[in-house]
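The entries follow in the order I made them.

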Amino acid sequence: MRLWVGLALWSAAASGIALADTRLSTETSLSGDTELLIPSQTPLDIEENSYNENEAKLSEEERKHKKIFDQQFSEIYAKLVEYQHALDTEDEKQMLSIKGSILDTRRDLTQYLPESLQQPARRIRETISGVLKWTGNHSIYSRKVRLPPDSIQQAISQLSELADRGHQDSMLLRAEMDMYGRYGVPMNLASAFTRYQQMAESSGNATAQYMVGFFYATGIGGVPQQNSLALLYTTMAAIQGYGAAEMVVGFRSIMGLGVAESCEEAVAQYQSVAHRSIEHFISGPPLGRSLPKYRVRLTDEAGSAYGVRTGQNSIHRPVGREAFGELIEYYRFNAKKGNLKASLALADLYYSGHQFLERNLTVASRHVRRILAQLFTQEGKLHSDAGQAEVNVAGHAAGLYGVMLLRGEGMPADTSLAFKWLKIGAELGHGPALNALGYMYQHGIEVDTSQEDAIELYKRAADRGHPGGHVNYALAVAMTMPKAAMSSLNRAARSGNVLAHFNLGEMHARLAKASEVQCRLAVASYRFVVENADWQHSPFAEGMAAFRRGDLAGAALHYMRAAEMGYGVGQLNAAVLLEHAARADYQSDPWLAKLYETHEQLDRQAAVYWTRAANQNMADARVKQGDHYYHGRGTECNPTKAAAAYRITAESERNGLAMWNLGYMFENGIGVERDFHLAKRYYDLAVETNENGRLAGYVSLVRLCAKYLRAWVRGEDVGDAPLFFAPRLINTAKMAAGTGGGNGVPKNDDTNDMGDEGNGYVHQQDMHGVDELQADEWGLGADILDGDDDDPKADAGGDGDDEDSDLGAGIFFVVVVLAIGWFAVQPR
């Protein structure tokens with residue numbers, strides 16, 4: 001039975017029912033969605049409801065056989081898991097020895113050489129790369145093929161026999177082994193597809209139907225790419241309530257991918273998954289379950305999609321494992337010396353977890369208790385000589401300790417002791433403590449139930465900026481103060497609170513049929529819930545685990561599943577891996593042949609995912625989309641659309657690489673009319689915006705100057721104004737404050753309720769199947785390259801400071817060109 005939460009409870013608000021959020025603070029690192037212990041689960045996704053119905057139809061003899069098969073399967077599965085764990089540990093140790101990123105993010109510079117030199121240059125590059133891989137021992141492809149021992153081979157044979165007898169668990173596990181190359185079986189996508197298809201047609205298994213749809217949607221393993229069959233199988237799985245399939249159908253419906261765009265259908269699909277996610281959320285400890293681990297962008301691992309920072313939205317290289325280890329050691333050293341802030345930092349890190357630090361609640365509680373022993377007496381009184389800094393640390397530590405005691409994290413739950421420390425933390429103004437204490441008053445835990453006291457505590461937590469306090473306060477006063485409730489929900493939603501988004505989704509869904517705007521708002525809210533509270537259907541944990549052990553093929557498959565489900569990060573990661581595969585050689589990187597047979601297929605699918613990621617405002621994705629149009633990789637070569645994509649990125653994201661690309665295209669008249677002045681403007685902006693590309697920008701300006709003078713001497717059209725003395729046509733400060741040039745592409749905004757993926761929930765046609773990305777649908781029409789109102793030419797007449805700086809730059813480059821000319825005419 002579905003649990004209706006949120007605004008559906010407004011009519012029952014008098015009963016005092018309220019839900020608490022797991023996010024503990026916006027001021028500290030105690031964010032519940034930072035790191036979570038993923039619930040233990042088998043690799044199989046089995047439909048228990050359908051199993052129960054089928055078991056009811058079995059005879060006594062059949063039930064006896066099934067019990068025997070289940071016992072045999074459990075024994076086999078335990079052996080295979082133990083063996084696979086040993087392999088994964090070995091692979092992870094080997095990957096730790098590899099320095100740098102395993103992804104190739106370099107641009108192919110050989111394309112800029114004359115055609116006669118391109119092929120020899122590529123051969124030389126491949127030869128050098130092969131030598132480095134052979135001598136450097138840093139290749140993930142140098143691992144020997146490991147044959148499983150006899151005991152594992154025997155277990156695999158027994159599992160295959162159970163599968164042949166129709167045992168559902170065995171059939172699913174055997175198909176998964178072929179799909180991802182696990183448990184001692186090499187990857188065999190063709191065999192996996194056959195097994196899944198047999199299950200889908202014979203038993204109607206929802207997991208098998210979903211996987212068959214995934215094969216047809218992506219065309220992996222030599223399966224023909226057919227959107228119609230993909231939708232057929234995926235929809236059948238969605239009808240059975242399979243969460244991943246519902247997300248695929250919902251995403252395709254709201255984006256109009258292969259189906260008629262239908263917001264109402266998307267609401268129905270996302271709402272179903274959101275309700276199950278919230279049910280699972282509140283079924284956990286008090287204040288709800290902690291959210292799953294945050295998604296890691298593979299571009300962050302490499303520094304960005306291009307390996308370097310290209311603009312404001314590009315990601316700097318994150319802290320590496322070694323640097324993070326040094327930081328932890330620094331904190332430990334200072335904590336042993338009695339430094340309270342170091343101890344609190346360690347407690348926060350172990351409580352929340354990190355990419356390079358496994359969550360450890362026991363260690364976190366140890367650090368918290370050490371802080372409390374230093375600051376409080378045995379009676380729980382703060383030492384009188386404590387300064388303001390110590391008071392802040394004391395409130396934080398007391399609140400965290402109380403929350404952990406209430407939830408039973410790292411220690412047995414103790415509501416009496418939790419109440420004591422939460423009260424101390426609340427008195428010191430700690431937001432999570434105020435929220436948790438309000439929860440105890442509302443539900444009568446260790447204290448008489450008092451709705452008035454609970455509301456007051458929730459209000460104080462909300463005033464401290466705590467998202468959970470905002471949500472609980474909104475639900476508590478929904479009937480009496482609806483405007484205040486809506487304001488609190490919106491504030492919590494801006495902080496990324498899933499319960500706030502769920503409640504807003506419930507409200508918008510009631511008006512979805514009457515208003516297209518309300519319908520899309522409902523989809524956005526539900527989608528945020530299902531993509532963040534995704535314990536039961538997320539492929540990210542498996543994808544990152546595969547990437548960490550160097551299994552790029554397995555990682556690509558998991559991220560492609562996430563991409564088809566509509567995750568922006570999944571689309572970005574899938575595109576990165578597929579593009580990496582398209583650049584490599586099948587002989588040196590044998591895993592590539594497991595996914596697609598040709599580089600053209602890899603380019604095609606990468607272009608699809610770059611487009612979808614761009615429509616969800618993923619950093620550098622729009623530039624990559626332009627690259628595919630410019631070079632004709634995965635789609636037809638169309639410089640006009642490439643220039644339009646670059647310009648959207650340059651104006652909405654201030655991406656320096658896109659600016660340089662535009663300058664090059666205006667300089668040479670590729671996809672646009674040649675315009676030396678616009679070329680210089682974009683080169684100038686690229687130099688100012690992207691510090692990593694300044695050398696290229698300066699060289700390009702010198703080359704532009706030479707081309708301009710040559711064209712002027714020949715009497716060609718070079719424009720009306722001198723090249724190097726015209727005022728700046730585009731003001732970077734104005735562009736940063738603008739909305740993206742009026743081209744209809746939303747500007748990234750940190751205050752957006754939906755975070756960095758929320759701006760792309762509008763219909764966008766992608767390059768999937770036989771469809772092409774239509775320029776006029778998302779602002780890539782030729783009109784934005786003409787001299788209209790938002791053309792940089794129309795903005796001539798910049799500030800005086802711009803004129804002075806441009807004058808200096810102009811004189812410098814004129815002098816450079818004259819010097820080059822003088823040396824050129826000297827006798828030799």
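**Charges over rings**

I found R359 over the face of Y351, 4.9 Å from the ring centre. I count a charge as over a ring if NZ of Lys or CZ of Arg is within 6 Å of the ring centre and within 35 degrees of the ring normal. K624 has its charged end over the ring of Y306, at 4.3 Å from the centre.

**Ground rules**

The model is predicted, so local features need pLDDT of at least 70 and side-chain atom pairs pLDDT 80 or more, while totals for chains, interfaces and linings use all residues. Residues are numbered from 1 along each chain as its sequence is written, and side-chain values use heavy atoms, without hydrogens and water.

**Aromatic pairs**

I pair rings of Phe, Tyr and Trp (its six-membered ring) with centres within 6.5 Å; planes under 30 degrees apart are stacked, over 60 edge-to-face, the rest tilted. The count comes to 19 aromatic pairs. F193 and Y216 are edge-to-face, with 5.5 Å between centres and 90 degrees between planes. F193 lies in helix α6 (residues 189-203) and Y216 in helix α7 (residues 206-218), so this pair ties together parts 23 residues apart in sequence. Helices here are DSSP runs (H or I, at least four residues), numbered from the N terminus.

I then checked burial, where buried means under 20% relative accessible area, exposed over 50%, and partly exposed in between (1.4 Å probe, protein chains only). F193 is buried at 11%, and Y216 is buried at 9%. Y216 and Y233 have ring centres 6.0 Å apart and planes at 20 degrees, so I noted them as stacked. F193, F215, Y216 and Y233 form one aromatic cluster.

Note on methods:
Helix = DSSP H or I, 4+ residues; strand = E, 2+ residues; numbered from the N terminus.
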